[in-house]
Every structure is written in structure tokens, then in C-alpha cells.
Amino acid sequence: MLRNDDGRVTTAGRMLDLLRTRGTLSRVELAELSGLTQARITHVVRRLLDGGLVHEVGREQQGRGQPRRLLELEADAWYAVGVQFDRTTTTIVVIDFAGRRVATAGFRGTGTSGPDAAVSTLADQVDDLVHRTGVPRGRILGVGLVTHGPQDRERGMLLMAHPTPDWLQYPLTSTLSNRLGLPVLLENDATAAATGEQWSGTVPTDTFGLIYLGSGLGGGIVADGNAYRGRASNAVEIGHVGLMGASAPCVCGNHGCAEAEAGPRTVVAQVLARPDLAERLGIRAHEEDTLADFGRVVRGWQAGDPDATTILQQSARWIGRTAVTMVNLFDLDTVVLAGPALISAGPLYQQFIEAELTRHALSRELSRPRVLLSANVDTAAAIGGALHVLRSVTVEHIARTPA
């Protein structure tokens, strides 16, 4: 297996992850980076070579000893599809076995569509992108479907009646799998984005938090190189952390949640409450346009509109308070920001969230908190969904020659 039953990456999976992030490595370097013995590395690498998953690409001379044989992933051995899927946006990526992006497509989200219609449209979009890439269907391991929580990942269902009541416990993964003829794995968007960031190699630590801002607000934690999942893989739902002094009703049934006070939908609603401002910014007031409308508020801030600036800054402060809670709970010094809402707004949110952490994080005297923007701010979740597929199958399965 590339992952154990508890979600931790196995030795073989760790070797493949290291090769994805580093490109080429020798057996000695794999042992040094993983902390495993040379004998263990030799055994695992032999399995990967025999399975056609890695190959040798030359030798590197180190001192007077024998040249080290360099290893590299067999990029076209297998492929995976990642889909980030919510009410306002959908992003699809195809990646090869080395984790390189082969193709990307984006289109509108589900809006208020029922799940049958939404899944049918999504399947057509995946089929179209795969066809255009020319990737052999038999070499696609599966689809990582990434969306909001809470989720039942084992049954492939959402545990919230949102955006419409018929989404609650709808057989999401099995329906899409039957439609595509491919395995489908469900994953939380923020956890997937954290996995995508870990793979990108741009985060200078193996332990960090991630704040994901799409149409909603979510969080993920990577601890010692492994995604933290909790009891049922619905951990770090920071969008539903209650904020002191907050009282807005939330879709989860509670009041004062961070998402209800500071998410993009709330930002747009605050603009709509002022018709003059809504007209000035061109806000359209349709839920499926939430991120587009949020982008119009961001453009207002960029153009110097004082009202748009005030609303966005308050949102960023609220999310900064949520970041303080996450950092204090998990003893973090690094937070990454990702999600389609941050394509243009990232610098503003980065500034205000870092300021809140600098003032209020308990460990601020030990190390100054860092807030980083994702290397793939709009596609990190989709990439993480595809990586989830690559990391969730057995070496024995992917070592077989595909039909």
C-alpha cells in the first residue's frame, strides 16, 4: 500500500513522494531524507523498479567511491484526475505519475443544481478533458473528487443538505464512478490543498496549517508530512469555529461561525446590503456568482474604493482570529493560504492574517508566525485530489501493466 489504514504514507509511498518533490534522487539520498536504513531503501526501490514505477537516469560521482545511481519516476506509467467541485467553481486537472500537470480546465460550479444534473455535467467535463489530453483511459488510476465538508469519505457522501436538500447523503462517488467507469475517491478541499502544497515543495516545513477560501472557509493540517484527519476525516473545520463577539447564523445551524462572519458569501451579502455600493461594484446577487462577485469587491479594493476595502479588511481580520485558534491548537509557526477566492485577494488576507498571528499567537515569542500564499492558489485542491488517488493505491496494483 502507499497508505496505511490510518492514512499515513507507507515506505513505498514516501519514496514516491520524495521523488515527486525532488525530481531525481539516489538511494543514499532517499535513505538520508527518509531516515530509513540503506537495506530497507534497497528493498523498496527494487520493488518500484520491477514494477516499472521508477527508472535509473544516470550516475552521480560523490568523492572516491562508487558513483550513485540516480532514480526518477516513470512519469507516463499512470495518471490521475483531480476535481475541485463546489457551488461557484469547478476545476479539473490531469496529472502524470510524477505529479506534473498535464491539463487543466475550469467551469462554473453546481449553483443550485441537484446532484444528478451536477454529476452528469461534471462527468461530461472530465470525459472531454481526458479525451483532449490523449491520455490512455486504461492508464488513469481514478478521480480524486474534492469538495466541502463534513463528509463521509468511506461512503462517498456529503453530510450537509447544501446547496440543496437532496445533496445530503447523495451517493456522490459511486454515481460519478459509474458514469466515468473509473474509481472515485472523496476528499475534503482544504486537506487536499494541504497535500498539494506539501507536494509542491514550496513550504519550508513538514508541519503547517492551511486555510482554504473558496465559496466557504476550511482548514487543513499537515503534521510531520502527513495530513491530519481526526476520527472521521472531518478535522480542522475552521469555518465552523465560533468567534467571540460574532453572531451571524451559519448554514451548519450554529451562530457566529467564522465562515458566516468572514467568508466570500458574507462579504458579498454585506455589499448587497448597501445598494449604492453594490451598483458601484457591479454585484449581481446570484449565489452561483458568489466568487465572481467577491472578485468584483476585490477589484474595488485594488482600485482604492474605501468601502470595499473596509469590508475585505474586516473579513481578513476575522479569518486571522480563526488562524490564531488553529495555530494555538496545533502549535504551528507556518500557515499557507489557498483557494480560488485568494487569486487576487491573497496579499490583503496574507497581511491581515499575519498581523493577527503576530499579535495573538501563543508561540509568537518563540518563532515569528509565517503566512505564505500557495504556489497554486486556485488549483491546489484539485492537484491534491489527484495526488490523493496516486497515493491511495497498492504498489502491486499500479505495478501491473495497464490494459
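Modeller: A residue counts as buried when its relative accessible area is under 20%, as exposed when that area is over 50%, and as partly exposed in between. The model is a predicted one. Which residues is Asn 376 in contact with, leaving aside its neighbours within four places in sequence? They are Arg 101, Glu 197, Ser 200 and Ile 383.

Another loop residue makes a contrast. Glu 365 lies in the loop between helix 12 (342-360) and strand 15 (370-373). With a relative accessibility of 72%, Glu 365 counts as exposed. Between the C-alpha atoms of Glu 365 and Glu 74 there are 45 Å, and the two residues are 291 residues apart along the chain.

Next come the charged pairs. The structure holds 20 salt bridges. One of them joins the side chains of Glu 56 and Arg 69, with 3.7 Å from N to O. Glu 56 belongs to strand 2 (residues 54-60) and Arg 69 to strand 3 (residues 68-73), so this pair ties together parts that are 13 residues apart in sequence. Glu 56 has 35% relative accessibility and so counts as partly exposed. Arg 69, with a relative accessible area of 37%, is partly exposed.

A second salt bridge is formed by Arg 108 and Asp 289, whose closest N and O atoms are 3.3 Å apart. This pair links distant parts of the chain, since Arg 108 is in strand 6 (residues 101-108) and Asp 289 is in the loop between helix 9 (275-281) and helix 10 (290-302), 181 residues apart. Asp 289 has 9% relative accessibility, so this residue counts as buried.

Glu 187 is in strand 10 (residues 184-188), while Arg 153 is in the loop between strand 8 (151-152) and strand 9 (157-158); the pair links distant parts of the chain, 34 residues apart. At 1% relative accessibility, Glu 187 counts as buried. Salt bridges also link Asp 124, Asp 127, Arg 137 and Arg 179 in a network.

Now the whole chain. The protein chain has 14 helices and 15 strands. Its radius of gyration is 22 Å, close to the 22 Å that the globule rule gives for 403 residues, so the chain is as compact as a globular protein of that length. Along the principal axes, its C-alpha atoms fill a box of roughly 70 × 55 × 40 Å. Among contacts between residues at least 6 apart in sequence, 62% join residues at least 24 apart. The accessible surface comes to about 17000 Å², and carbon and sulfur atoms hold 48% of that.

Key: Residues numbered from 1 in each chain as written. Predicted model: local features only at pLDDT ≥ 70, side-chain atom pairs only at ≥ 80, totals over all residues. Heavy atoms only, no water. Helix = DSSP H or I, 4+ residues; strand = E, 2+ residues; numbered from the N terminus. Rg over C-alpha atoms; globule rule 2.2 N^0.38 Å. Contact = heavy atoms within 4.5 Å. Areas by Shrake-Rupley, 256 points an atom, 1.4 Å probe, with all protein chains shown as cover. Salt bridge = Lys/Arg side-chain N within 4 Å of Asp/Glu carboxyl O. Buried < 20%, exposed > 50% of the residue type's maximum accessible area, 1.4 Å probe, protein only.
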